[in-house]
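Please read it with the sequence and the coordinates at hand.

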Amino acid sequence: MKNTPPETTPFFARDRDWHPPAFTPGYKTSVLRSPQRALISLEGTKSEITGPVFGHNILGEFDNDLIVNYAKPGEMALGERILVYGRVIDERGHGVPGALVEFWQANAGGRYRHKKETYLAPLDPNFGGFGRTITDENGGYAFKTIKPGPYPWPNGVNDWRPAHIHFSVFGHGFAQRLITQMYFEGDPMIWICPIVKTIPDENAIKGLIAALDMQNTIPHDMRAYKFDIVLRGRRSTFFENRKEGN
Amino acid sequence: MVQPLTYFKESASQTAGPYVHIGCTPNFSGITGVYDTDLGSGSMVNDQTRGERITIRGFIYDGTMTPLKDAMIEIWQADADGFYNSPSETRGKADPNFFGWARQPGDMATGEFAFETIKPGKVPFRDGRLMAPHVTFWVVARGINLGLNTRMYFSDEEEANAVDPILSRIEHRVRVPTLIGKREGNTVTFNIYLQGENETIFFDI
């Protein structure tokens, strides 16, 4: 890993018109779980601009291969085999090395391995549905999985989630902490999903749709989807307010 | 014409959903054999950790005062001397026996969360004044579209709280107690209210 000095500057303000607002009645669960009062602005102190670092020692050999990480020896998960890869960058376009990226998803039939899941599609005995990795020195990451299926969910009487993979990402500062979802190019279910539609800006939605990348497919094995994740950038220079000025 | 500013936009947030535990705390969700342990689980202290042992407990309530049973909470805090265990901590070296970060799901039956940790030291504000001891919270769950940030301060730090640069500038004083964990013995109770009369103060950090 490159030996670059750690950055200690505050992060750019989050664009709250780009993210989904808290109260989105089309997604019913948000109604009672959305704060109604204004957030109080708190520009980065040490408590926000610092963050933990996760070492590669937490990773198991198959943490980035969902096709085999839960499968019985010699067996594999069922479904369309795909490689999901991309970079974690910040708003300045800088790669974010050492970022912990965790992901989870339904199986090929749209079923999660969870005790509260009630969808009638069957579990795949060889698919757990989660994994993790840490980005390389350029912010790159990759993992193997199967394409998750769409599934119905209790919201409207006939609402379906598009095929998607959940992502949880740690950057270098706790203020960069982000959870989002990746969708798949060409899926007509994206644009009718109440959770996708919590995002007010169409371009913000497009930023969550991974492109089919035939250049990076593994021939006779799996197709590739490219998904870049953008975390908050931070000021490139540090000039603090005068101590006596506040 | 001017030189273009070439910035990217942050990836839009999406809810962690009902199955966040599959991805982030799989052993807790009953899927064993893939990760040895859930990241950030267990006690945050060992025999060598410096500082006063405390347990932070609480619930997260929705607008009907029903506790959330599917939330995931992460905390981030300084060590007993006020140093963060992070490369961006440039003032000194943090206690090597204190990582400072942890993750806990709410109990599936009751929703209660608990963190076994130490009481953090004071950390300077941007202008050098000391902030009162506090723990940064990040809450995600089904129905929360963008993770919520708040802070827990300590009820046994009245003097420090009174001059804390964040607490002291909050206009609506009646809301300040929503940020104060109530200490009784070694337990600090910190309930988070997503809505209602006692809605917790959340920060745009």
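Helices (H or I, at least four residues) and strands (E, at least two) are DSSP runs, numbered from the N terminus.

## Basis of the model

This is a predicted model, in which local features need pLDDT of at least 70 and side-chain atom pairs count only at pLDDT 80 or more, whereas totals for chains, interfaces and linings use all residues. Residues are numbered from 1 along each chain as its sequence is written, and chains are lettered from A, with ligands numbered from 1, in the order in which they are written.

The predictor gives the complex an ipTM of 0.97 and a pTM of 0.96.

## Overall form of the chains

Chain A holds two helices and 12 strands, which follow one another along the sequence as β-α-β-β-β-β-β-β-β-β-α-β-β-β. The radius of gyration of chain A (taken over C-alpha atoms, with a globule rule of 2.2 Å times the number of residues to the power 0.38) is 20 Å, close to the 18 Å that the rule gives for 246 residues, so chain A is as compact as a globular protein of that length. Its C-alpha trace spans about 65 × 45 × 35 Å along the principal axes. Of the 246 residues in chain A, 43% are buried, where a residue is buried if 20 or more other C-beta atoms lie within 10 Å of its own, exposed if 12 or fewer, and partly exposed in between, with C-beta atoms placed from the backbone. Taking contacts (C-beta atoms, placed from the backbone, within 7 Å) in chain A between residues at least 6 apart in sequence, 73% join residues at least 24 apart.

Chain B has two helices and 13 strands. Its radius of gyration is 18 Å, which agrees with the value near 17 Å that a compact globule of 205 residues would have. The C-alpha atoms of chain B fill a box of roughly 60 × 45 × 40 Å, taken along the principal axes, and buried residues make up 49% of the chain. For contacts in chain B between residues at least 6 apart in sequence, the share that joins residues at least 24 apart is 66%.

## Strand pairing and a hairpin in chain A

Two strands pair if DSSP finds at least two bridges between them. In chain A, strand β2 (residues 81-90) runs parallel to strand β11 (residues 222-226), joined by four bridges, and A:L83 has A:A224 as its bridge partner in β11(A). Strand β10 (residues 209-218) of chain A pairs with β11(A) in the antiparallel sense, also over four bridges, with A:A211 opposite A:K226.

The hairpin of β10(A) and β11(A) has three residues between the strands, and A:H220 takes a positive phi near 60 degrees there. Most residues other than glycine have a negative phi, and most peptide bonds are trans. A:H220 is exposed, with 5 other C-beta atoms within 10 Å.

## Two further loop residues

In chain B, B:M65 has a positive phi of about 70 degrees although it is not a glycine. B:M65 sits in the loop between β2 (60-61) and β3 (72-77) of chain B, and is exposed, with 12 other C-beta atoms within 10 Å.

A:R92 lies in the loop between β2 and β3 of chain A and is partly exposed, with 15 other C-beta atoms within 10 Å. Not counting residues up to four places away in sequence, A:R92 touches A:G233 and B:Y7.

## Where the chains meet

The contact between the chains takes 78 residues from chain A and 67 residues from chain B. On the side of chain A that touches chain B, the elements that give two or more residues are β1 (40-41), α1 (46-49), β3 (100-105), β8 (164-170), β9 (178-184) and β12 (229-231) of chain A. By class, that side has 31 nonpolar, 30 polar and 17 charged residues, where Ala, Val, Leu, Ile, Met, Phe, Trp, Tyr, Cys and Pro count as nonpolar, Asp, Glu, Lys and Arg as charged, and the others, Gly among them, as polar. Strand β1(A) is joined by two bridges to strand β13 (residues 203-204) of chain B, and the two run parallel; the bridge partner of A:S41 in β13(B) is B:D204.

Technical notes
Contact = placed C-beta atoms within 7 Å.
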